[in-house]
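Good morning, and thank you for the time.

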Amino acid sequence: MMKLDVILLLVAVVLPCIIEAYPLHASCKISWTFGANCTGISSAIVKQMQAWESADNCAQGGEKCLYKVASNTATQIKGTHTTPVKKYVDDFTFALAPSGTGCNVAGSSSSETWYAVLDSGTNYCNLHNLITGSGLDKSTGYSESTSDDVCTQFSSADCEKY
């Protein structure tokens, strides 16, 4: 009975803190702005996903590997990322919308594991690594916007590890 009391106390104290700080499920939403057209942005993201499709990069440490393109249209890219050690799968989407001569992109990533709450920033890194790996973060007009409110453990994410 003592164990049950401790578990209930932990749930009552810890869960509200987690819920207040992060989304209810391990996930992330990011908005980007690019000065380039959406066709070029889409092409760069898909090319990077394909470059990191195999497990080869996993051997170097980190999780810049095991990406898969599920679908690719002019306005949307869908894919998955599998973590190399535990083999957890995260689903992600990039929604692209032209804006003048540039492109606005809304990205989201979510763990397929139903009980995932905290993820050490993995869902953020799933998306961010593709942008930085493709060099899009160096493009004219680039900006990124997210926060812990919509992106689990964003502020403590280590994308060299995840």
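This is a predicted model: local features need pLDDT of at least 70, side-chain atom pairs count only at pLDDT 80 or more; totals for chains, interfaces and linings use all residues.

Glutamine 153 is found in the segment after β6. Its phi is near 55°, a positive value in a residue other than glycine. Most residues other than glycine have a negative phi. Is glutamine 153 buried or exposed? With a relative accessible area of 14%, glutamine 153 falls under the 20% limit and is therefore buried.

Lysine 87 is not a glycine either, and it has a positive phi of about 65°. Its place is the loop between β3 and β4.

Strand β3, residues 76-82, pairs with strand β4, residues 89-99, in the antiparallel sense, over seven bridges. Within this part of the sheet, histidine 81 stands opposite aspartate 90 of β4.

In what order do the six strands of the open sheet run? The order is β2-β3-β4-β5-β1-β6, with antiparallel pairing. The edges are taken by β2, residues 67-72, and β6, residues 143-145; each has a single partner strand, so one side of each is left without a neighbour in the sheet. From one strand to the next, the twist averages 20°.

Helix α3, residues 122-133, lies across the strands β1 (27-34), β2, β3, β4, β5 (102-111) and β6. Relative to β1, the helix runs at about 25°.

Let me turn to the pockets. Rolling a probe the size of a water molecule over the atoms shows where empty space is left. For the largest pocket, the computed volume is about 270 Å³. Which residues lie nearest its centre? Of the 17 residues that line the largest pocket, these are Thr83, Tyr88, Leu118, Asp119 and Thr122.

Leucine 118 counts as partly exposed, because its relative accessibility is 44%, a value between the 20% and 50% limits. In sequence, leucine 118 and threonine 152 are 34 residues apart, while in space their C-alpha atoms are 6.5 Å apart.

That concludes the presentation, and I welcome your comments.

Conventions: Residues are numbered from 1 along each chain as its sequence is written. Side-chain values use heavy atoms; hydrogens and water are left out. Two strands pair if DSSP finds at least two bridges between them. Helices (H or I, at least four residues) and strands (E, at least two) are DSSP runs, numbered from the N terminus. Axes are lines fitted to C-alpha atoms, for helices over the stretch in contact, and angles run from 0 to 180 degrees between N-to-C directions. Contact means heavy atoms within 4.5 Å. On a 1 Å grid over the protein atoms alone, a cavity is a set of points where a 1.4 Å probe fits but cannot get out, and a pocket is an open set with protein on both sides within 12 Å along at least five of seven lines; lining residues have an atom within 4 Å of a point. Grid points are joined across faces, edges and corners, and a volume is the space filled by probe spheres set on the points. Buried means under 20% relative accessible area, exposed over 50%, partly exposed in between (1.4 Å probe, protein chains only).
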